[in-house]
Amino acid sequence: MHCSYGQRRQNKSRLSPEVITQTIKDLSFLGTKAAYISGGGEPTTLSKWHDYAQMMLDSQMEVALITNSVAIKPEHYKLLRQFNYIAVSVYSTKEEQYKAIVGANHFEGQFSLPKKLKDQDSKLIVGARCVINGINYQEIFNTYKKAMEEGFDYIIFIPAVDYEKRSIDLSEEQKQSVLEQIENGLSHINPATTNLINVKNNGVGHYGSTYLPKLQKSVLCNAIAMRSNVFINYDGEVYLCQPLIGNKEYSLGNLNEHRFLDLWNAKRHREVIAKLHEKFAKGACENCRAISYNVAIDRLLQGDKPAIIPSDNFL
Ligand SMILES: C[S@@+](CC[C@H](N)C(=O)[O-])C[C@H]1O[C@@H](n2cnc3c(N)ncnc32)[C@H](O)[C@@H]1O
Ligand code: SF4
């Protein structure tokens, strides 16, 4: 009910195997260090997703997966153990809440992957992600406890962001309840295994919305300036910013028409970068993890000692 792709994924298109394999080759040629496989949609429902993941591993990329775990089968475990991390979306320890949020029959399976994948020598990180919405907002500590009992390395809680403007975010009352739960449960929180303290410090908000007053040294988006990230959408459009996926004004072009190698560093790529710096400088970016990153970089440029730069393992 809260999925950020609820509307945007009504379009059922998929990339062809030819486009996917060519893009992996191009990314490898450009020296890509790592890829995470996520959605729009559930990535493990794409046939041959495991072959593409293996191809990336064979190209020396680190690979990670964000999944609801519904379609993961025992024959995938060997491949998954070679990944850098897997993040599993979990929802609630109450079956009726799980059903109301997801509508699937995978309640028992939500928390099962760590025990199936991890062994004593395993380096694989298996994390959990729980979006807090109007149905599960009073279940936070039960979900935290369950995730720890079932062997997850961490669990992050993400207050639902209303990306598609369909009123799925928490009401002020619900946010207050989340704050109270965290304050009352402080002694049970291990900051190495959850971001709940950060959720409290952000006022159950998301990545700080008014960032301009905090910036004194740098009014361009340093995440974009690094040119180190790209998002490839299921419809072939190529984007530089996660919250702007689907907004073609910011697309570098489409992989069904051009190879990735022809889009990267092309004139359009430079134009989009300029447009994004302009958007960032106006204070118009929202719901983006790069905002916290930019605030931290600015503090560093201001000469702050590294010790007071926010340390957030879960950014
Ligand atoms: C869009 S899903 C796609 C991958 C996969 N199908 C899954 O369910 O995990 C990726 C992640 O986006 C996050 N997400 C989904 N809807 C969200 C929302 N409205 N606000 C914040 N995060 C959201 C969840 O943390 C989820 O783990
Ligand atoms: S802060 Fe703005 S420009 Fe930078 S990555 Fe996020 S949406 Fe893009």
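Lys 275 and Glu 249 meet through their side chains in a salt bridge, with N and O 3.8 Å apart; a salt bridge is a side-chain nitrogen of Lys or Arg within 4 Å of a carboxyl oxygen of Asp or Glu. Lys 275 belongs to helix H11 (residues 267-281) and Glu 249 to the loop between E7 and H10, so the pair ties together parts that are 26 residues apart in sequence. Helices (H or I, at least four residues) and strands (E, at least two) are DSSP runs, numbered from the N terminus. Lys 275 is partly exposed, at a relative accessible area of 28%, and Glu 249 is partly exposed as well, at 47%. Here buried means under 20% relative accessible area, exposed over 50%, and partly exposed in between, with a 1.4 Å probe and protein chains only.

The model is predicted: local features need pLDDT of at least 70, side-chain atom pairs count only at pLDDT 80 or more, and totals for chains, interfaces and linings use all residues. Residues are numbered from 1 along each chain as its sequence is written, chains are lettered from A and ligands numbered from 1 in the order in which they are written, and side-chain values use heavy atoms, with hydrogens and water left out.

The structure holds 10 salt bridges. In one of them, Arg 259 pairs with Asp 26, the closest N and O atoms being 2.7 Å apart. Arg 259 lies in the loop between strand E7 (238-239) and helix H10 (260-263), and Asp 26 in helix H1 (residues 17-29), so this pair ties together parts that are 233 residues apart in sequence. Asp 26 is buried, with a relative accessible area of 2%, whereas Arg 259 is partly exposed at 38%. A further salt bridge joins Glu 150 to Lys 146, with 3.2 Å between the closest N and O atoms. Glu 150 is buried at a relative accessible area of 17%, and Lys 146 is partly exposed at 28%.

Two ligand shells were examined. A residue is near a molecule if one of its heavy atoms lies within 4 Å of it. Around ligand 1 there are 19 residues, of which His 2, Ser 4, Glu 42, Ser 89 and Val 161 come nearest. The shell of ligand 1 divides into nine nonpolar, eight polar and two charged residues. In this division Ala, Val, Leu, Ile, Met, Phe, Trp, Tyr, Cys and Pro count as nonpolar, Asp, Glu, Lys and Arg as charged, and the others, Gly among them, as polar. Strand E2 (62-67) and strand E4 (125-132) each supply at least two residues of this shell.

Polar contacts are pairs of N or O atoms within 3.5 Å; within protein, one atom must be able to donate a hydrogen and the other to accept it, and residues adjacent in sequence count only if both atoms are side-chain atoms. A nitrogen atom of ligand 1 lies 2.7 Å from a polar backbone atom of His 2. A nitrogen atom of the ligand is also 2.9 Å from an N or O atom in the side chain of Glu 42, and an oxygen atom of ligand 1 is 2.5 Å from an N or O atom in the side chain of Ser 89. Taken alone, ligand 1 exposes 540 Å², and the protein buries 91% of that; accessible areas come from the Shrake-Rupley method with a 1.4 Å probe, and for residues only the protein chains shown count as cover.

In helix H4 (residues 95-102), the buried residues are Gln 97, Tyr 98 and Ile 101. Viewed down the axis of H4, they fall within an arc of 100°, so they line one face of the helix; the arc is that of the directions from the helix axis to the C-beta atoms. Just after H4, Gly 103 takes a positive phi of about 75°.

Most residues other than glycine have a negative phi. Ser 69, which is not a glycine, has a positive phi near 70°. Ser 69 is placed in the loop between E2 and helix H3 (77-80) and is buried at 4% relative accessibility. Asn 265 also has a positive phi, of about 70°, although it is not a glycine. Asn 265 lies in the loop between H10 and H11 and is partly exposed, with a relative accessible area of 42%.
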